[in-house]
Amino acid sequence: MKNKSSQAASPAAKSLVKPGAQVIVDTLIDLGVDTVFGYTGGVVLPLFDKFYEAPINFIVPRHEQGGCHMADAYARASGKVGIMIATSGPGACNLVTGLATAMMDSIPMVALTGQVRTDLIGNDAFQEADTTGITRPVTKHNCIVKDIKDLERTIREAFHIASTGRPGPVLVDLPVDIEVALIDMGSPAKLELPGYKLRTKGHARQIEMAARAIDQAKRPVLYVGGGVIISNAAQELASLAKNGNLPVTLTLMGLGSFDQTQDNSLDMLGMHGSAYANYAVQESDLLISIGARFDDRVTGNLSTFAPKAKIIHIDIDPASISKNVHVDIPVVGDAKGILKSLAKLVTHQDRSEWFAQIAQWKEKYPFAYNQKEEGILPQYVIDELYRKTKGQATVVTGVGQHQMWATQFYKYSRPRQFISSGGLGTMGFGLPAAIGAQIAKPEAVVVDIDGDHSFNMTLMELPTAVEHQLPIKVMILNNGYMGMVRQWQELFYGKRYSKSYLKNPDYAKVAEAMGAVGMTVQSKADVPQAIETMLAQTNPCVVDFRVVAEENVWPMVPTGKSLNEMDGLELLERLI
Amino acid sequence: MKHIINALVENKPGVLAHVAGMFAARSFNIDSLVVGCTEDPKLSRMTIVVVGDDRVVEQVRKQLAKIIPVVKVQDYVGKPVVARNLMLISVAAPPEKRPEILALIEMFRARVVDIGKKSLMIEVSGPESKIEGFIDVCRPYGIKSLARTGTIAMPRRSKAE
């Protein structure tokens with residue numbers, strides 16, 4: 001008894017016993033977290049109480065989906081793990097779109113959700129949802145903590161799983177009684193993940209085989225995806241392309257991993273990729289895929305994809321290899337190390353014939369738009385932004401036509417410079433993503449190139465940007481339509497624009513009402529000045545560009561067609 | 001082709017849902033799935049019979065291995081294994097037919113586990129082909145009800161131990 005009271009009097013010993021909520025906050029801080037996104041609610045009150053004084057930059061979105069996209073883009077822009085906290089039931093359900101977006105693009109995120117008391121689980125309690133059941137297919141891993149003893153270890157495991165291997169979102173469900181249960185914290189908990197094995201180092205013999213194949217290839221193409229950005233391997237990629245004298249094409253997720261202003265850049269490939277990239281892939285005798293997954297938007301018709309090519313596939317996820325196409329030389333592991341070895345092994349080959357052919361395609365079919373058009377063309381706005389920002393802005397997008405034009409008319413030169421929902425194609429990603437990216441990179445010029453209807457989906461996050469005085473710039477390429485849907489309706493549904501036109505608000509007024517700067521641009525002559533004014537703002541700024549309504553994205557590989565069967569090439573030819 | 005896939009998984013709630021969900025989400029067909037505990041209380045063994053060409057089964061194997069609580073995945077195809085199913089089958093058996101049925105039971109090394117006035121409940125175990133064979137021979141007498149497990153399997157040792 002005496003002993004006990006003396007122990008309680010010692011502050012050092014006393015401070016080790018803490019409630020679960022404090023364990024969570026302390027573990028996050030120990031893991032190096034300084035920024036958290038989250039929205040409060042009934043069962044996360046104990047947790048949010050511990051954030052009241054925590055040394056953490058806490059951003060509250062206006063909707064959990066927005067918060068999830070912010071955490072996601074924060075991770076994309078910084079390379080760190082993004083964290084989103086939500087309450088049980090509706091809060092957790094609102095994360096689904098954001099988690100699926102992060103899952104498809106392999107983004108390291110940890111979502112913490114509140115849950116009803118463990119003794120109420122399964123009783124249809126107020127704000128109860130089967131969160132782990134609902135989010136299982138859209139997370140890399142998820143679990144519920146039912147014993148306070150597992151809490152700290154589970155948070156550490158979530159971080160480890162989210163950020164290693166092929167990254168992805170991990171969700172931890174936290175019943176409210178676990179948040180308040182007391183535990184004596186000892187030394188940091190050890191991970192217990194017997195089923196999580198990482199293969200990071202590429203097999204030496206496979207790498208040698210790949211190098212030999214590259215040296216022997218007459219018409220090789222490097223086909224690079226987001227894996228190179230995740231792996232921080234842009235430098236190694238540049239060395240490989242230089243040492244081996246290789247042309248490089250990028251997927252949407254790969255944009256930024258290779259400097260597109262280089263001569264050997266073929267820009268993006270795929271459905272709305274460059275004609276020269278698509279022709280090069282179809283003619284290549286060796287396709288070297290790095291951190292990409294042969295998505296249908298990239299390959300077009302699979303059975304006629306790169307018909308003359310042997311395929312090398314470098315990927316950290318064994319399940320990506322030979323999933324869609326047969327791979328001749330697989331290399332499983334982390335791109336950085338593998339590319340470093342490859343860059344040393346390959347030798348400079350004279351490929352002047354191949355590069356001459358590529359130059360010809362480049363000359364014949366560049367991305368182009370009608371310079372003489374009197375109205376504002378969306379491509380022109382992006383072109384002008386590229387000039388005014390000298391190619392240095394961090395560009396974020398929604399999903400649709402504007403997103404494709406942002407890949408075609410802005411050239412990216414460094415990793416994490418282009419942030420976009422690739423796999424899931426989530427409309428509404430742009431604004432919250434701009435907020436997340438700006439928080440990750442306070443010094444960067446962050447521009448959200450958005451569509452009117454993409455913007456409509458999450459525009460309630462504008463006050464979040466205003467509250468935190470983030471100098472984000474939103475450029476709405478406003479054509480009144482859900483542009484990509486309209487384009488498909490024009491091309492494949494006889495111009496029957498079914499339900500793809502909606503009445504929009506006056507965005508400048510909306511912006512001003514929310515405390516941001518708002519502008520409307522109606523004439524082409526005003527575009528350069530408007531962009532300059534926008535770039536000079538220190539507060540969030542929304543510019544509504546009233547663009548030509550029925551402009552299409554070209555070239556286009558219609559679904560089911562081969563990559564070299566592109567529509568719109570005659571148009572591009574005429575425009576040069 | 002039929003593949004018997006063996007997955008050692010952590011004995012935690014939600015693992016079965018995760019595995020089943022993955023199969024559904026990726027349109028893989030499960031022929032049978034059996035879960036049970038192992039000699040290690042922390043681990044369970046799932047034996048999953050999958051029908052598909054090599055590419056599909058390779059994806060099944062890889063996608064299974066990706067699930068965090070899945071510790072180890074093995075495809076038993078082409079390996080010598082002992083594979084067994086268990087069936088309980090209730091067959092109409094009026095007294096005059098019983099000698100015939102009992103002879104069949106003898107032949108299949110099955111066992112009578114319950115006797116009713118008009119029927120017999122029989123327990124049979126063995127490879128799938130034997131189970132199917134026994135169902136075929138019982139059919140003419142009238143099958144009242146039938147319950148069977150999926151396959152469980154274990155690789156044979158190359159030498160006697």
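Modeller: Two residues are taken to be in contact if their C-beta atoms, placed from the backbone, lie within 7 Å. The model is predicted, with local features needing pLDDT of at least 70 and side-chain atom pairs pLDDT 80 or more, whereas totals for chains, interfaces and linings use all residues. Residues are numbered from 1 along each chain as written, and chains are lettered from A and ligands numbered from 1 in the order written.

By that contact criterion, P378(A), Q379(A) and I382(A) of α18(A) meet H402(A), W405(A) and A406(A) of α19(A), and by class the contact has four nonpolar, two polar and no charged residues (Ala, Val, Leu, Ile, Met, Phe, Trp, Tyr, Cys and Pro are nonpolar, Asp, Glu, Lys and Arg charged, the others, including Gly, polar). Helix α18 covers residues 378-388 of chain A and helix α19 residues 401-408 of chain A, and their axes come within 9 Å while crossing at roughly 45 degrees.

Elsewhere in chain A, helix α14 (residues 275-283) packs on helix α17 (residues 352-364) at an angle of about 145 degrees, their axes being 8 Å apart. In that pair, A275(A), Y276(A), Y279(A) and A280(A) of α14(A) face I358(A), W361(A) and K362(A) of α17(A) across the contact, which comprises six nonpolar, no polar and one charged residues. Axes are lines fitted to C-alpha atoms over the stretch in contact, with angles from 0 to 180 degrees between N-to-C directions.

Both pairs belong to a chain A that holds 26 helices and 20 strands (DSSP runs, H or I of at least four residues and E of at least two). The C-alpha trace of chain A spans about 90 × 60 × 40 Å along its principal axes, and 54% of its 576 residues are buried, with 20 or more other C-beta atoms within 10 Å. Among contacts in chain A with a separation of 6 or more, 76% join residues 24 or more positions apart.

As for the partner, the contact between the chains takes 14 residues from chain A and 16 residues from chain B. On the side of chain B that touches chain A, α1 (15-25), α2 (54-66) and β4 (70-75) each supply at least two residues, and α2(B) gives the largest share, six residues. That side of chain B divides into six nonpolar, five polar and five charged residues.

Notes:
A residue is buried if 20 or more other C-beta atoms lie within 10 Å of its own, exposed if 12 or fewer, and partly exposed in between; C-beta atoms are placed from the backbone.
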